[in-house]
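User: Got a model loaded here. Can you walk me through some of its contacts?

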Amino acid sequence: MADAIFIAAVSLAALSLLLAGIRLAKGPWAIDRTVALDAMTIMASSLIVAFALLSGRRIYVDVALVYGLVGFAGVVALARYLEGGL
Amino acid sequence: MKTLKARVLVFLTLWGVWLVLTAPWSVQEAAAGAVAAFLIAALPFFPSSPLEDLRLSPKALLYVVAYAFVFLKALVLSNLDVAFRVLHPKLPIAPGIVKVKTKLKTPLGRLLLANSITLTPGTITVETRGQDLYVHWIKVADADPVAATEAIVGDFEKYLEVICG
Amino acid sequence: MAAIIGASLSLVGSLFFLLSAIGLLRMPDAFNRMQAGTKATTLGSMLFLVGIGLMRPDFLGRALLLAGFIALTNPVSSNALARAAHGYRKRLGAKLAPDALAEDDEALAAAAVRDAAAGSQAPRVQEGRHVD
């Protein structure tokens, strides 16, 4: 029961990652893409934790932590670049 | 004295994160983490930290807990608000940027206020200049700074004033 | 039992993810996309991670750490993005009915021009910022 609900949750999260990816591809401006990338980073790091649960390997939770950190730094760097202040 | 407080807080934060990351604890790991956290907190060239502004009186700690609940409630409300606006077939939005004045003086207080505004219903902080915050409001109810201040920051400010002035 | 509650929390969290993705697709300009993209992903990831933590208690500490980290950093990155977007607001086609920031920018620029005309060395307020 719990497994079925969790699989549904992971599928929905993956679907929303895909939908946000449409915005990333469509743009139309760099800002819109970066906004989509910001949301996708959060979804992806949550999905990595879900993958850690499904595969039973704890090390992937650390991967998600580091990915969250790096993604945040990347989005802020992109935003500063677009602002012209990097 | 102020940096001493910041150093202690940095030590506790770093060691706390270390303890969470090494979850089934052993004495050796905990001790190694404590040494590393102490070395970082005792660096001679310690940059001035926003943590200096945190007040640690019992009343302030009580307000931190109350603030957490207010914040979570606002977060849930803002998500329901987003859900309503996104799923509504006509997209009921009338966005604009309004100016809001805060009474908070410390950088930490303003940072927390700006973050809280971003996560509350319909608002995103765009820019801060001194005590003025410029807020993107998805449906501008009132462009007048005084009324907008009351509507947007009123809830958080009274907690943050006690926590970090 | 805890597993079912955790899985249900994850499901609610992923519904908020879906909501933010729909918001990203439906909203008309970058600012409004940010509204959906930031708020819904923050609560969504918190619920998703806490749900996973309930299903596997040995993940709970790290999941809470990641959730707290996201709650702290997500508003910061969206704030940086909003500042960048405001520099491009005309090109983005963003409709901002009252725009207090643009008004104050114009007032500052006008004051700088006046000071320069008066011969004083006015400080440059808008260093390295796109205004188109």
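Analyst: Start with a nonpolar surface patch formed by B:Leu14, B:Ile40, B:Leu43 and B:Phe45, about 360 Å² of accessible area together. Patches take residues with over 30% relative accessible area and no salt bridge, joining like charges within 9 Å and nonpolar side chains (Val, Leu, Ile, Met, Phe, Trp, Tyr) within 5 Å. Areas are Shrake-Rupley with a 1.4 Å probe, and for residues only the protein chains shown count as cover. This is a predicted model: local features need pLDDT of at least 70, side-chain atom pairs count only at pLDDT 80 or more, and totals for chains, interfaces and linings use all residues. Side-chain values use heavy atoms, without hydrogens and water, residues are numbered from 1 along each chain as its sequence is written, and chains are lettered from A and ligands numbered from 1 in the order written.

User: How many salt bridges over all chains?

Analyst: The search finds 10, each a side-chain nitrogen of Lys or Arg within 4 Å of a carboxyl oxygen of Asp or Glu.

User: Which residue does B:Asp132 pair with?

Analyst: B:Lys101, with the closest N and O atoms 2.9 Å apart.

User: Which residues are in the network?

Analyst: A:Arg80, A:Glu83, B:Glu127, B:Arg129 and C:Arg83, joined by salt bridges that share partners.

User: Is C:Asp58 buried or partly exposed?

Analyst: Partly exposed, because its relative accessibility is 31% (buried is under 20%, exposed over 50%, partly exposed in between; 1.4 Å probe, protein chains only). C:Asp58 forms a salt bridge with C:Arg56, the closest N and O atoms being 3.0 Å apart.
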